[in-house]
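Dear colleague,

Here is the structure I said I would pass on. My notes come after it.

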Amino acid sequence: MASRDENMKQTSRVLRISQLDALELNKALEQLVWSQFTQCFHGFKPGLLARFEPEVKAFLWLFLWRFTIYSKNATVGQSVLNIQYNNDFSPNLRYQPPSKNQKLWYAVCTIGGKWLEERCYDLFRNRHIASFRKAKQCVNLVVGLLKLGRLINFLIFLQRGKFATLTERLLGIRSVFCRPQNVREVGFEYMNRELLWHGFAEFLIFLLPLVNIQKLKGKLSSWCIPLTGAPSSDSTLATSGRQCSLCGEWPTMPHTIGCEHVFCYYCVKSSFLFDVSFACPKCGTEVHSLQPLKSGIEMTEVNAL
């Protein structure tokens, strides 16, 4: 009989990650509701809600509490994950919903605590009187103790898996499954495909900077030109200095590297800085010296083009 009772307790326990996911879903819902509510006042005077923002937020959270925890014994995030609150103080092993007092105190601790913290911050922000200073120190001390208690509760939660928040521990309400969990069949084809693609992309990102694209392009050009047979006009243009062998445009500040071909200064200089063993893409001649073209281009040739 005792082992059966232990099995019932084990099956009703909720995973830690599910409880944390429910809290995150609750926060996302609150942000979504508040953003939608503030959009209704975009046409009004700026700062209209700033003065009463804590009270408006408290009213909205109280409205959500009325139709979630008070009526359904679960928050919105818990309802999505098939979770609800159970009265842990009840001696009965079966499910017992939280009492009315527990629900009311839950609203006081969560909604009232947030409202009091925001309102006290606005109250003490611009006050410099000695009495307000002492009250502010007391409030800061209480807030610090609450944060310390939340930290200790979270560490205990990570160890035991019960009471994700300090409010749940103080009120004695814990998360349980609404219905028995069914075994789900999970397919990993999409995940495997994504992991394979991301691994391949990371490999390419690591490999591409190590590949000398300029040198590889020059090698391919030197191999392909003898096979296809470069036209005589191309060599004539390059020899006459009317075409850069890299960019194919009229050479700006024409320079040579020791062969009969002509390059723009910026083209050949940047290629040489990028690759110390840079070679001419036309004939494969390596850079020996970068010299300006001594035989200038006549203006008649320019006009002829």
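This is a predicted model: local features need pLDDT of at least 70, side-chain atom pairs count only at pLDDT 80 or more; totals for chains, interfaces and linings use all residues.

Residues are numbered from 1 along each chain as its sequence is written, and side-chain values use heavy atoms, with hydrogens and water left out.

Aromatic rings. Rings of Phe, Tyr and Trp (its six-membered ring) are paired if their centres lie within 6.5 Å; planes under 30 degrees apart are stacked, over 60 edge-to-face, and the rest tilted. The count by this rule is nine aromatic pairs. In one of them, F41 and F44 have ring centres 5.6 Å apart and planes at 45°, so this pair is tilted. W34, F37, F41 and F44 make up one aromatic cluster. For exposure, buried means under 20% relative accessible area, exposed over 50%, and partly exposed in between (1.4 Å probe, protein chains only). F41 is partly exposed at 26%, and F44 is partly exposed at 48%.

Charges over rings. A charge sits over a ring if NZ of Lys or CZ of Arg is within 6 Å of the ring centre and within 35 degrees of the ring normal. K57 lies over the face of W34, 5.1 Å from the ring centre. K103 lies over the face of Y70, at 5.7 Å.

Core. A nonpolar core is a set of buried Ala, Val, Leu, Ile, Met, Phe, Trp, Tyr and Cys residues joined through side-chain atoms within 4.5 Å. The largest one has 13 residues, of which W65, Y106 and I111 touch the most other members. Two or more residues each come from α3 (53-67) and α6 (100-124); α3 gives the largest share, five residues. Helices (H or I, at least four residues) and strands (E, at least two) are DSSP runs, numbered from the N terminus.

Backbone. Most residues other than glycine have a negative phi. N82, which is not a glycine, has a positive phi of about 60°. N82 lies in the loop between α5 (76-80) and β1 (83-87) and is buried at 12% relative accessibility. F163 also has a positive phi, near 60°. F163 is in the loop between α7 (130-160) and α8 (166-171), and is buried at 9%.

Regards
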